[in-house]
Amino acid sequence: MVTLYVANKNYSSWSLRPWILMRELGIPFDEQVRPFTDGPALAFGDVSPSGRFPCLVDGETVVWDSLAIAEYLAETHPKVWPADRHARAFARSAASEMHSSFPSLRNICGMNVGIRVELKEIPAGLATDIARLDTLWTEGLTRFGGPFLAGDSFTAVDAFFCPVAFRVQTYDLKLGAPAAAYARRLLDLPAMQDWYEAALRETWRKQVYENEALAAGHIVADYRQTA
């Protein structure tokens with residue numbers, strides 16, 4: 001069985017991607033969770049060549065980076081990407097865009113699943129990212145019929161946007177009706193609920209991420225357990 005190393009479930013959007021993909025597709029794996037600390041940023045170098053998680057270990061093969069893990073899994077699990085060529089092209093493009101773009105969404109609205117934040121403002125860059133997200137999700141749902149982004153099955157592109165669904169919830173991001181319903185659909189997945197409940201039970205905190213939330217707005221609720 002492969003081993004998937006992930007960081008804090010409250011914060012680690014990158015870790016969530018392969019975790020939720022494998023859970024939703026029924027790909028068995030052993031989970032190893034290690035928390036971020038307030039020490040060095042590249043704290044996982046004993047497992048991951050990049051020093052970052054997620055990292056998948058399959059015997060002597062080590063795969064790091066969430067997109068690389070998805071492609072590695074796709075070699076033996078064809079349901080990772082849509083079967084239809086056109087849907088697959090869209091799914092790969094959308095996942096890659098999420099992987100490399102949306103800078104303001106990442107920097108202002110970091111994943112912090114256990115809290116709720118009232119944003120102080122929505123700067124122009126964040127507004128642009130939210131609008132693009134709305135357009136992208138609506139396009140996929142319309143073109144391929146839903147309920148998932150590239151058709152009737154959960155695939156890697158949905159996994160890549162699961163962390164965004166948590167951001168929509170945390171920061172109460174406003175989307176059009178189809179995109180908002182899609183975010184809710186992701187949040188309601190049983191595996192997403194499992195991740196969420198595990199995140200709430202964590203007592204680890206990384207101050208830099210807590211400070212990011214405070215910089216973004218006012219924390220109006222915190223559902224996490226305390227130490």
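Is M22 buried or exposed? At 0% relative accessibility, M22 counts as buried, where buried means under 20% relative accessible area, exposed over 50%, and partly exposed in between (1.4 Å probe, protein chains only). The views below come from a predicted model, in which local features need pLDDT of at least 70 and side-chain atom pairs count only at pLDDT 80 or more, while totals for chains, interfaces and linings use all residues. Residues are numbered from 1 along each chain as its sequence is written, and side-chain values use heavy atoms, with hydrogens and water left out.

View 1. M22 sits in helix 1, residues 13-25; helices (H or I, at least four residues) and strands (E, at least two) are DSSP runs, numbered from the N terminus. Not counting residues up to four places away in sequence, M22 touches V2, L4, I27, P28, F29, L56 and L73. Contact here means heavy atoms within 4.5 Å.

View 2. N10 belongs to the loop between strand 1 (2-6) and helix 1. With a relative accessible area of 2%, N10 is buried. Its side chain makes a polar contact of 2.8 Å with the side chain of N112. A polar contact is a pair of N or O atoms within 3.5 Å; within protein, one must be able to donate a hydrogen and the other to accept it, and residues adjacent in sequence count only if both atoms are side-chain atoms. Leaving aside neighbours within four places in sequence, the contacts of N10 are M111, N112, V113, G114, A199, E202 and R224.

View 3. In soluble globular proteins, nonpolar side chains tend to be buried together. The largest nonpolar core here has 70 residues, and those with the most contacts inside it are L16, I20, W137, F154, F161 and F166. Helix 6 (residues 156-171) supplies the largest share of this core, 11 residues. A second, separate core has eight residues, including Y11, F44, F53 and C55. Such a core is a set of buried Ala, Val, Leu, Ile, Met, Phe, Trp, Tyr and Cys residues joined through side-chain atoms within 4.5 Å.

**View 4. W137 and its contacts.** Take a look around W137: leaving aside neighbours within four places in sequence, this residue is in contact with L149, F161, V164, L175, A179, Y182 and A183.

**View 5. The R34–D46 salt bridge.** R34 and D46 form a salt bridge, with their closest N and O atoms 2.8 Å apart. Both residues are in the loop between strand 2 (29-33) and strand 3 (55-58), 12 residues apart. R34 is partly exposed at 26% relative accessibility, whereas D46 is exposed, with 58% relative accessible area. A salt bridge is a side-chain nitrogen of Lys or Arg within 4 Å of a carboxyl oxygen of Asp or Glu, and a search of the whole structure finds 10 of them.

**View 6. The E71–R92 salt bridge.** Between E71 and R92, the closest N and O atoms of the salt bridge are 3.1 Å apart. This pair links helix 2 (residues 66-74), which holds E71, to helix 3 (residues 85-100), which holds R92, across 21 residues of chain. E71 is partly exposed, with a relative accessible area of 29%, and R92 is partly exposed at 32%.
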